[in-house]
Number of protein chains: 2
Amino acid sequence: MEVTNKYIVIKKHIEDAPKESHFEIKTEPFSLSLEPGSDNVIVKNLCISIDPYLINRMKSYSASHKSISITAPLTPGEAIDAIIIGKVVASGNAKFGKDDLVLGVFTWAEYSVVKEQNIIRKLESSEFPLTYHLGILGFSGLSAYAGFFEICKPQKGEKVFVSAASGSVGNIVGQYAKLLGCYVVGCAGSQKKVALLKEKLGFDDAFNYKEERDLNSTLKRYFPDGIDIYFDNVGGEMLEAAVANMKAFGRVSVCGVISEYTDAEKRASPNMIDVVYKRITIRGFLATDFLNVFAEFSTKTLDYLRNGQLEVIEDKSLGVESIPSAFVGLFNGDNVGKKVVVLAEE
Amino acid sequence: MEVTNKYIVIKKHIEDAPKESHFEIKTEPFSLSLEPGSDNVIVKNLCISIDPYLINRMKSYSASHKSISITAPLTPGEAIDAIIIGKVVASGNAKFGKDDLVLGVFTWAEYSVVKEQNIIRKLESSEFPLTYHLGILGFSGLSAYAGFFEICKPQKGEKVFVSAASGSVGNIVGQYAKLLGCYVVGCAGSQKKVALLKEKLGFDDAFNYKEERDLNSTLKRYFPDGIDIYFDNVGGEMLEAAVANMKAFGRVSVCGVISEYTDAEKRASPNMIDVVYKRITIRGFLATDFLNVFAEFSTKTLDYLRNGQLEVIEDKSLGVESIPSAFVGLFNGDNVGKKVVVLAEE
């Protein structure tokens with residue numbers, strides 16, 4: 001059987017802030033049967049993780065390109081691969097059967113032809129919505145868990161600052177930190193998000209960075225005795241202000257620097273004299289380096305979810321056509337929580 | 001008995017590059033006898049460690065001021081305390097006797113009145129010159145040892161870059177790295193220093209940064225496969241270039257940022273996208289946090305010295321009057337190796 005498959009490409013490399021006009025929706029005739037002898041799998045994509053790091057893959061040059069396979073450069077005109085959950089439509093591989101739910105590196109498309117090595121794991125039918133495996137139970141959750149616990153080695157009572165705190169990773173970091181017994185302040189880009197952090201997610205305090213004129217003073221106000229841990233999702237001036245307000249032996253976990261992704265002029269100049277005298281550690285990380293703690297992360301996070309100790313914040317769009325606007329929206333602060341595009345119901 | 005004591009003060013806070021005119025040599029009548037009942041010690045200062053970090057103490061504001069006691073702010077007009085070796089002239093304290101050699105936090109002066117807590121340790125008469133206890137066997141050596149081994153966790157064969165490599169700490173880092181079996185490149189500010197690094201200290205390669213127009217390309221030339229470890233003494237553009245040329249999981253040990261001490265405009269803007277995707281760690285440290293490894297450092301370094309495996313590079317000036325020019329010279333690259341002012345022979 002043949003269908004028409006819609007998929008998304010970039011028209012050319014994107015060097016600054018992405019716009020919907022940078023993308024194109026293409027269509028192709030797509031066979032739902034495999035070639036005889038193929039050991040590939042045909043997947044109908046159900047939900048797609050929409051993540052800021054992809055902008056680095058869309059540039060003509062980025063440090064991301066030589067890093068790991070899922071941050072490799074994208075080619076204009078070709079299908080964009082990303083973390084996706086799909087359902088097996090046809091399989092030439094004995095490990096996967098029709099209707100299996102699989103999570104892996106598939107394409108921004110309705111259907112993908114997938115090699116075995118691009119399937120990360122099968123998903124059993126879950127007590128929680130499938131999309132959780134892209135967010136709180138997936139790489140967003142693992143980023144939060146590894147970046148907070150493994151990188152920052154937090155102690156109960158420590159003072160934690162999280163930027164982009166209503167975003168896919170930040171909101172989970174803040175909740176983990178509260179569960180550990182830390183004092184947590186988050187920043188976000190709207191009053192609505194600030195209210196969410198304080199009222200729904202249990203942050204001790206939160207502020208709208210767009211309303212602040214001098215982030216250094218802002219952080220001094222929220223952390224009069226200094227910051228022990230800064231979970232950085234944004235870079236730029238916020239990183240500078242956080243370093244200026246760190247305590248001795250403070251730790252900065254750099255998960256992402258979204259303000260620098262689309263504007264190289266916004267590069268942070270943290271005061272290295274602070275770094276020396278306060279013995280600050282600034283460490284970048286990728287969640288994929290922490291697959292060794294995935295089981296531990298998964299067990300604890302499932303427990304928290306079952307006990308109602310974690311709120312799950314998702315922001316869904318529907319249909320393949322909505323992918324470009326969903327992605328562009330990440331850079332405008334449109335999303336609240338984990339951004340997911342749902343293509344089809346299970 | 002009373003003598004005339006010469007000591008050095010700053011006339012006012014120094015906010016940028018120090019000049020000799022910022023300093024004043026004062027004299028005072030000084031009694032070589034203690035008040036009855038005093039438990040202080042009178043020390044005749046023999047040799048003084050001259051270190052760049054003192055410039056931060058001389059500013060009206062610096063992150064150094066709230067750090068540890070030996071980096072606390074200095075008051076214009078008052079004696080300047082620093083790491084010094086002296087000989088006890090008179091003692092009201094049973095722990096110290098006349099003619100004992102003591103290392104501690106004394107003053108830029110011919111004589112100091114010292115409290116017990118300012119004496120770090122007694123020195124036994126040593127097989128090596130006394131000045132070694134300010135440099136290779138003292139805090140310079142400990143900075144090199146802790147900053148390289150404890151912070152960077154180096155492995156044999158790794159590629160190591162050291163800035164200010166002919167300086168008091170850098171030259172020792174490079175030699176430790178060679179002894180471990182690393183590939184080591186250093187940079188310095190003159191052809192003479194470069195020759196020293198390559199010909200006397202055994203660095204694999206070295207360059208004069210003043211002759212390079214684009215440090216990023218320079219480091220790419222010396223490290224075509226990237227840098228594993230950068231031991232930073234300078235900050236600024238060199239730190240940016242090093243981060244751009246780091247390998248995955250690279251480590252930056254920040255011992256000092258001399259280029260930023262006297263010119264806040266030179267603040268480094270390391271590319272945080274590199275920091276994330278290459279999972280780089282940037283960590284500031286102070287040697288005083290590593291007194292727990294002092295015995296280990298001391299034993300190993302003494303062994304290396306006895307076996308002739310470490311070269312000791314000292315740069316001595318004579319007399320209390322030479323202290324200001326010795327200090328100012330640090331910021332002009334005048335010194336080669338450990339800068340010490342010798343006031344009197346043992």
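Modeller: Start with B:Asp289 and A:Arg279, whose side chains form a salt bridge, 2.6 Å from N to O. Keep in mind that this is a predicted model.

Colleague: How many salt bridges are there between chain B and chain A?

Modeller: The count is two. Residue pairs in polar contact between chain B and chain A number 14, with both residues at pLDDT 80 or more.

Colleague: Which parts of chain B touch chain A?

Modeller: β12 (246-254), α7 (258-261), α8 (272-277) and β13 (281-284) of chain B each supply at least two residues to that side. The most come from α8(B), which gives six residues.

Colleague: And what classes of residue are on that side of chain B?

Modeller: The side of chain B that touches chain A has 20 nonpolar, 10 polar and seven charged residues.

Colleague: Changing topic: how much area do chain B and chain A bury between them?

Modeller: About 3000 Å², with 60% of it on carbon and sulfur atoms. On the chain B side, B:Met272, B:Tyr277 and B:Arg279 supply 24% of the area buried against chain A, more than any other three residues.

Colleague: How many residues does each chain put into the contact?

Modeller: Chain B puts in 37 residues and chain A 38 residues.

Colleague: Last one, on strands. Is the pairing of β13 of chain A with β13(B) parallel or antiparallel?

Modeller: Antiparallel, over three bridges. Within that pairing, A:Ile282 has B:Ile282 as its bridge partner.

How values were computed: Residues numbered from 1 in each chain as written. Chains lettered and ligands numbered in written order. Predicted model: local features only at pLDDT ≥ 70, side-chain atom pairs only at ≥ 80, totals over all residues. Heavy atoms only, no water. Contact = heavy atoms within 4.5 Å. Buried area = accessible area lost by both parts, 1.4 Å probe. Salt bridge = Lys/Arg side-chain N within 4 Å of Asp/Glu carboxyl O. Polar contact = N/O pair within 3.5 Å; in protein donor to acceptor, adjacent residues only side chain to side chain. Helix = DSSP H or I, 4+ residues; strand = E, 2+ residues; numbered from the N terminus. Nonpolar A, V, L, I, M, F, W, Y, C, P; charged D, E, K, R; others polar. Pairing = 2+ DSSP bridges.
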